[in-house]
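Trainee: Could we go through this model together, one question at a time?

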Amino acid sequence: MLNLIKLPQVFTINQVPKVFHEDGIISGYRHPCSSAKECVLSLFQLTNETLNIWTHFLPTWFFLWKLLTVMLVQDDWQDPFTWPLLVFLLSCCVYPLASSCAHTFSTMSERARHICFFFDYGALSFYSLGSAIAYSSYSFPDKWVNSTFHEYYVPIAVVNSVISTALACYSRLGLPFFQYNYHSIKRYSAGKDQKLCKLLRIIAFLYPYLFDNIPLFYRIFVCTGEGCTVNEANTVHYQHTSLALFTGFLFATHLPERLAPGSFDYIGHSHQLFHVFAIIGTYFQMTANELDMAARKQWLLAHLTPITLSNTAGAAIFSVVSGLCIIYVFSLALFSTRGVKN
Ligand SMILES: [Zn+2]
């Protein structure tokens, strides 16, 4: 049976166009014009993307199971207090799913690669908003609840998620229709400006992360005296904050493969570690949210501005629709630009 399925060939870095190159990864590249079937088949052979795909595909199902458990088994979906958790859990399902699809199908063509990662960036921005919605309802320190900052926190996070998607998409090829042109695509394909692209992408995800975490950082690192909300969730907040820091470090530094190019092509390169630690961080973040929910429910229900559909699902839908519009514009421009291979 196995002989009947011919697994696609893998290539070295010199055999694929520059746009597909990864820092410090020498071998294990899939064909740059793979068919959809070849992309799916590549899940079952060892390439330099295989573990990138599985490390996000499997956790998607865990978070989906968690979401369905809260919704259907615990039957909590009618309680507005649970809605922020549901939005957060949905974002925890979407971002690994989008990422695993992006890594699976990114070798269909140059154009497909750009579009796949546009979706990946959109999903990450949505996850950032999901975190902000959950923090707004469960994790704000007592003394900041209903402050002016709290009032504008979710609306600003929505705007940030839109800017973040746009900036991350922009970091690939520039402004659609205005800057996308034969030369910019060639420059990108030739690997020039890659450092600037990477820096822009780091900023695109770092600044919403920092904004979302202002209440949490204040609560666990700065706040003294009364109203600081010290409970058992604090330890777990420390843990996911440390993991986020380490995840960002891996993304930015390309370690360990940068130190020994070719040694971590299939197992152990930074992007795989980045995926794994991001998921563990998300799990701790989910646990911290649930601990805060349980410990503070009565107090929050008595003091918090009522949780509504508009400041939970409404904000999420607005962010998702805006993100999809941005992705549509950036993708559409790829089809009308000379120099990008379909
Ligand atoms: Zn990834």
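Trainee: Which residues does His103 touch, not counting residues up to four places away in sequence?

Mentor: This is a predicted model, in which local features need pLDDT of at least 70, side-chain atom pairs count only at pLDDT 80 or more, and totals for chains, interfaces and linings use all residues. Residues are numbered from 1 along each chain as its sequence is written. Contact here requires C-beta atoms, placed from the backbone, to lie within 7 Å. By that criterion, and leaving out residues up to four places away in sequence, His103 touches Glu49, Asn52 and Ile53.

Trainee: Is His103 buried or exposed?

Mentor: His103 is found in helix H3, helices being DSSP runs of H or I with at least four residues, numbered from the N terminus. A residue is buried if 20 or more other C-beta atoms lie within 10 Å of its own, exposed if 12 or fewer, and partly exposed in between. Because His103 has 26 C-beta neighbours inside 10 Å, it counts as buried.

Trainee: Which residues does the UniProt annotation "binding site" cover, and what is the largest C-alpha distance?

Mentor: The annotation comes from an unreviewed UniProt entry and covers His103, His271 and His275; such annotations may be inferred rather than shown by experiment. These residues are spread over 173 residues of sequence yet cluster in space, with a largest C-alpha distance of 11.5 Å.

Trainee: Which residues does His275 touch, again not counting residues up to four places away in sequence?

Mentor: His275 is found in helix H10, residues 270-303, and counts as buried because it has 23 C-beta neighbours inside 10 Å. With residues up to four places away in sequence left out, His275 touches Asn52, Thr55 and His56.

Terms used:
Helices (H or I, at least four residues) and strands (E, at least two) are DSSP runs, numbered from the N terminus. Two residues are in contact if their C-beta atoms, placed from the backbone, lie within 7 Å.
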